[in-house]
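Hello,

The structure we spoke about is below. My notes follow it.

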Amino acid sequence: MIHILNSAAFAGVLKAPKVSGINPLFRANIRVNGERLRCYVKPLPDMIECPATRRMVENREVINEALGYVLADACGLKVPAEAGIILLDRDQIPAHFIDELRRLGGGALQTSYFCWFSQDMDHPNLVQKHMKGFTLDFFQQRRINRLVKYITEAPDTPKVVAFDDWLLNSDRHPGNLLASTPDPTLIDHGRILVYPNWQPGKLGAFAPGQKTGNRLRNFIDQYEPKWIEKLPKKSEMIMAYNAFAVSFRDRGEAAARAVLVEFFNAIDTDAIIELLRSRHDPAAYAKASGMII
């Protein structure tokens, strides 16, 4: 379940995070069910520039975040304990992010912004944990080896790769996996369905020539070629795909609908659900993973 809150739930900005992603990201206290929680907050403009057409289109990223969160949870993957959407007034957002929000919004500013928030789980991301503070090549390579070892030995990694194949996440990488044990915690689902310029029933699109692919699997392959295609990892991926279909039927579809009805009418909601369901077809995930099953 996600929370949907108004600006009254905002309880003030905290010390800035050490790293940020594609979008502005800040830390804040947010009141959830009467409790003040330390959270990461990502404000998102209503419109973004489509990389395929260069036109301004509706930004679906906050919906992506919510869908990715509830579906990962339904599939048994680790996610932050609490998360949701909060509508913040512009003056509640740190001033140094305003220019970036103007740029992302095609030069326009809004009086308020939908923001995705997730509870601070007190874990660094994998890049922070394994790569921070080393610039010498020798030490960097040792750190990369340690990072890859953690990822390849985490029991849930084949499930994470399979999950991103199902939802066509174009931006899963070590920086949006938190270093919990024994399995990483998933954050940042903003690039599911390829890119947040999708329309109900249709996938998003990059500019011609840009590749999507599974970024986490590609990262692993740089250091452990074809790791995911070897037994037992390949079998674990196939089992995960099948398990996701069951989880979606049993819990995930209802959770996804609860998110979608906040933004879409019944017809559009059904079209998005059907797209998610169709991705469970064996041919769809075999194509996504490059496997013959």
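**Salt bridges and helices**

Lys-233 is buried, at a relative accessible area of 17%. Here buried means under 20% relative accessible area, exposed means over 50%, and partly exposed is in between (1.4 Å probe, protein chains only). This is a predicted model: local features need pLDDT of at least 70, side-chain atom pairs count only at pLDDT 80 or more, and totals for chains, interfaces and linings use all residues. Residues are numbered from 1 along each chain as its sequence is written, and side-chain values use heavy atoms, with hydrogens and water left out.

Lys-233 meets Glu-236 in a salt bridge (3.9 Å, N to O). The term requires a side-chain nitrogen of Lys or Arg within 4 Å of a carboxyl oxygen of Asp or Glu. Glu-236 is partly exposed, at 28%. Both residues lie in helix α7, 3 residues apart, about one turn of the helix. Helices (H or I, at least four residues) and strands (E, at least two) are DSSP runs, numbered from the N terminus.

The whole structure has 21 salt bridges. Another pair is Glu-49 and Arg-54, with the closest N and O atoms 2.9 Å apart. Glu-49 is partly exposed at 39% relative accessibility. Arg-54 is exposed at 53%.

Arg-191 pairs with Glu-61 in a salt bridge, the closest N and O atoms being 3.1 Å apart. Arg-191 sits in the loop between β10 (185–186) and α6 (215–223) and Glu-61 in helix α1, so the pair ties together parts that are 130 residues apart in sequence. Both Arg-191 and Glu-61 are buried. They also belong to a network of salt bridges with Lys-42, Glu-65 and Asp-188.

Helix α1 covers residues 61–74. Of its 14 residues, 13 are buried, so α1 is largely enclosed by the rest of the structure. Gly-76 follows α1 and has a positive phi, near 80°.

**Strands**

Strands β3 (residues 26–32) and β4 (residues 35–44) run antiparallel, joined by 7 bridges. Two strands pair if DSSP finds at least two bridges between them. Arg-27 stands opposite Tyr-40 in β4. The two strands form a hairpin with 2 residues between them, and Asn-33 in the turn has a positive phi of about 55°. β4 also runs antiparallel to β8 (residues 112–119), with 6 bridges. There, Cys-39 stands opposite Gln-119 in β8.

Phe-263 is in the loop between α7 (233–260) and α8 (266–278). Phe-263 is partly exposed, with a relative accessible area of 30%.

Best wishes

Definitions and conventions
The expected span of a helix is 1.5 Å times one less than its number of residues.
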